Amino acid sequence: MKPPSALFEPIRSPDAPDAREAAAVAAWHAGWAAAVGLAALAGDWFGREGAAGLGISAALVMATPGLLGLILLIRDGRSLRAAMLGAWSLAAAAAAGLSGGLTGSLGGFVFMPLAAAVALGSSRWAPFGLLGAATATVAGLAAAGVNGAPVAAPGMAAVSALLTAGAAALAFRLSDGAEARRLGAVEGAVAQVETVLAGQPGLTLVLEASGAPLAAYGAAPAALPVDPLFEDGLVAAVHTPDRPAVLAALARAAGGAEAQVRFAPRRALDRRILLMLRRQEPTQADQPARLIGVALDASLQHAREEGLDAARLEAETLSAGKTRFLAHMSHELRTPLNAVIGFSDIMRQRLFGPVPERYAAYADSIHTAGGHLLALINDVLDVSRIEADRYELNIERFDVREAVSAALALVRVQADDKGVELAAVLSPEALLVAADRRAVKQMLLNLLSNAVKFTPAGGSVTVTAEALGSTLELTVADTGVGVAPEDMARLGRPFEQAGGAEQRAQGTGLGLSLVRSLAELHQGVMMMDSTPGEGTAVTVRLPVVVAQPVATGEAEVIPLNRSA
């Protein structure tokens, strides 16, 4: 993309001169100095009348500003031109004092400050030039009053008048040419801007606060033609149900805020227009505020969003159906599975008489497999209920040490069979929480089961429960196989497992997912830290700790959302 300087010529201020203008003004000054010098020499050659009417001194004084004007060839600027105008005023006053003012031989020169103001190129300086001319006139009258009436020199007075008139005529022509060049440059720059605006891919509108268009640039969307906008207004071109949103966007933009609104045009209801609005500050105090709007065809974007919304709705419907199916099937499977586990347990315990050893081994296998399958179904059922937003927390106050002890008791047999040592770090005082007792126990049980499952014989599993202010921190740390860094990000999602095939065969990938979901239902978090070959620590933080009773016997309970 080209920078702006490559697209537009700079727009100069009306008072900002350029090099060509400065050269012309310097030439005007040089011509004046030459003309005055020649007039002085001619007056001196013609004898006594010239010497009495003009005088070499007065001529040199009037030539000085002309010579100073050559500085414009080297340096230019408003301050320098103002200083030169001051020099013209001083020179005219001095010359008038030497020659007797309006009635003297240089009477025409008192008007040179005004001619110089015109030549220097700014109409704003004309009053200062007029002031300089008046000052020169007063100086001449004062000198005449002191020195007496000047010697009459009608010939040189005519020469000075002709020189002044010629200089003034050239100054006006020079000023008109400079103004014409500046106006042409401004008009050319405006034409370039309008050309760029007209070539925009969107439609740029200048609007009143009510939405009435004042100007339009660029390519209008096919569904929003320009002519009806100027005839009926912007709001009339909008489909009726979308008009309140457009009016609200106009009001926001008029208030100084940027606004965007999408609407269906009345002439093409299957299309969509995106309108972006912002306020344009008035350049004058008495001007009303205006709005700048950009209208783009957003039909393709709208169609894509509609398609995405439809796809999202379909996916949510399918996910909800899947969740309901899993919940229903899990519930239906639990009843016969409980019967299988119960009958296999009767056979294991030989309640109705002896059983052959081979059948007893089968009963043990059936009982073990049934228990594993029931645990899996319970996990699936809990995950399905959480995903379906149907898992309700039953908040009650209890000592979290009881839940830790209960979970340890359930996994102790498993730990003893593997030769894994279990340990608990608990406070000697009651640690009261306001939480779902069953959910807290379930989290601990899942974490402990995972830790024991992936810790080899001779290892240890430690559970810690402590209060950090109003937050309960439960940590289960083991000295097991650990988790590789590339697997850490996946764990915690349903059916995601880490490790090799042998490790994956020991679980289903639902335990950590259920712990994370139950923690989030309590407005808490689950965090993991693991080093392969050294062990894993899983920490659950829940804002559920109940403050210790105060003197009044009341206790502060941390607010908790009771349902998902």
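Guide: A residue counts as buried when its relative accessible area is under 20%, as exposed when it is over 50%, and as partly exposed in between, with a 1.4 Å probe and protein chains only. On that scale, 37% of the 564 residues in the protein chain are buried. This is a predicted model, in which local features need pLDDT of at least 70 and side-chain atom pairs count only at pLDDT 80 or more, while totals for chains, interfaces and linings use all residues. Residues are numbered from 1 along each chain as its sequence is written, and side-chain values use heavy atoms, with hydrogens and water left out.

Visitor: How many helices and strands are there in the protein chain?

Guide: The protein chain has 17 helices and 12 strands, where helices (H or I, at least four residues) and strands (E, at least two) are DSSP runs numbered from the N terminus.

Visitor: What span should helix α13 have, and how far apart are its end C-alpha atoms?

Guide: The expected span is 1.5 Å times one less than the number of residues. For the 19 residues of α13 (residues 400-418) this gives 27 Å, which agrees with end C-alpha atoms that are 27 Å apart. Following α13 is G419, with a positive phi near 80°.

Visitor: Which residues of α13 are buried, and what covers them?

Guide: An α-helix has 3.6 residues a turn, so residues three or four places apart point the same way. The buried residues of α13 are V400, A403, V404, A407, L408, V411 and A415, and their cover includes β6 (395-399), α14 (437-453) and β9 (460-468).

Visitor: Which residue forms a salt bridge with E396?

Guide: Side chains of opposite charge can pair when their charged atoms come close; the criterion is a side-chain nitrogen of Lys or Arg within 4 Å of a carboxyl oxygen of Asp or Glu. E396 pairs with R437, with the closest N and O atoms 3.5 Å apart. Because E396 lies in strand β6 and R437 in helix α14, the pair ties together parts 41 residues apart in sequence. E396 is partly exposed at 29% relative accessible area, as is R437 at 31%, and a network of salt bridges links E396, E402 and R437.

Visitor: Is D399 buried or exposed?

Guide: D399 is buried, with a relative accessible area of 9%, and forms a salt bridge with R401, the closest N and O atoms being 2.8 Å apart. R401, at 22% relative accessibility, is partly exposed.

Technical notes:
Contact means heavy atoms within 4.5 Å.
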